[in-house]
Every structure is written in structure tokens, then in C-alpha cells.
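Visitor: I am new to this structure and would like to learn how to read its features. Please show it to me, and then take the features in turn.

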Amino acid sequence: MPFAHFKVPADTLSPDDKKRIVERTTDLYAEIYGDRARATTVVLVDEVVDGGWGVGGHVLTAALLNGDA
């Protein structure tokens, strides 16, 4: 069963954006593994609270990601 897990900053995607991620990711897996993979592909879009992640030892915030910091 193909599985994709996206972690994104909370409140940055609309319901339509999430739908597009699920659809396009499923399409990609089906393209790679054949259409039989479509029915079992799982896509998880996980929203991470502001400041709940970091890169290179630095906490990332929405302000930093948006260039406001």
C-alpha cells in the first residue's frame, strides 16, 4: 500500500489545497505503480502547530517561513 505523509504549517492550506495534494499524490503513485495502486494509496496531510518544527537546529515559525521575521 503506497503511503505519503505531508507535514505542513498549520492553517496554511485550504481544504481545496489539501484535496489537490491527495489527488495529485494518488495520481503519481498510480503512474509509478500502475492503476491498481490507486485504491490502496493513503495520503496524510498533517498540520504542524506554529513553532512545532525546526531545521538545522532552528525553530521554524509561520512568520519566518513567510519572510515576516
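Guide: Lys 7 is partly exposed, with a relative accessible area of 46%. Here buried means under 20% relative accessible area, exposed means over 50%, and partly exposed is in between, for a 1.4 Å probe and protein chains only. This is a predicted model, in which local features need pLDDT of at least 70 and side-chain atom pairs count only at pLDDT 80 or more, while totals for chains, interfaces and linings use all residues. Residues are numbered from 1 along each chain as its sequence is written, and side-chain values use heavy atoms, with hydrogens and water left out.

Visitor: With which residue does Lys 7 form a salt bridge?

Guide: Side chains of opposite charge can pair when their charged atoms come close. A salt bridge is a side-chain nitrogen of Lys or Arg within 4 Å of a carboxyl oxygen of Asp or Glu. Lys 7 pairs in this way with Asp 46, and the closest N and O atoms are 2.9 Å apart. Strands (E, at least two residues) and helices (H or I, at least four) are DSSP runs, numbered from the N terminus. Asp 46 is partly exposed, at 26% relative accessible area.

Visitor: How many salt bridges are there in the whole structure?

Guide: A search finds seven. One of them joins Glu 47 to Lys 18, with 2.8 Å between the closest N and O atoms. That pair links distant parts of the chain, 29 residues apart, with Glu 47 in strand E2 and Lys 18 in helix H1. Glu 47 is partly exposed at 32% relative accessible area, and Lys 18 is also partly exposed, at 26%.

Visitor: Where do Lys 19 and Glu 23 lie?

Guide: Both are in helix H1, four residues apart, which is about one turn of the helix. Salt bridges that share partners also join Asp 16, Asp 17 and Arg 20 into one network. As for Lys 19 and Glu 23, their side chains meet in a salt bridge of 2.5 Å, N to O. Lys 19 counts as partly exposed at 46%, and so does Glu 23 at 36%.

Visitor: Is Thr 26 buried or exposed?

Guide: Thr 26 is buried, because its relative accessible area is 12%. Its place is in helix H1, which covers residues 15–33. Contact means heavy atoms within 4.5 Å. Apart from neighbours within four places in sequence, Thr 26 is in contact with Arg 38, Thr 41 and Val 43.

Visitor: Which residues form a nonpolar patch on the surface?

Guide: Patches are made of residues with over 30% relative accessible area and no salt bridge; like charges are joined within 9 Å, and nonpolar side chains (Val, Leu, Ile, Met, Phe, Trp, Tyr) within 5 Å. Leu 28, Ile 32 and Tyr 33 form the nonpolar patch, with about 320 Å² of accessible area together. Such areas come from the Shrake-Rupley method with a 1.4 Å probe, and for residues only the protein chains shown count as cover. Leu 28 is in helix H1 and is partly exposed at 45%.

Visitor: Where is Asp 11 found?

Guide: Asp 11 is in the loop between strand E1 (3–9) and H1. Its phi is positive, about 65 degrees, although Asp 11 is not a glycine. At 73% relative accessibility, Asp 11 counts as exposed.
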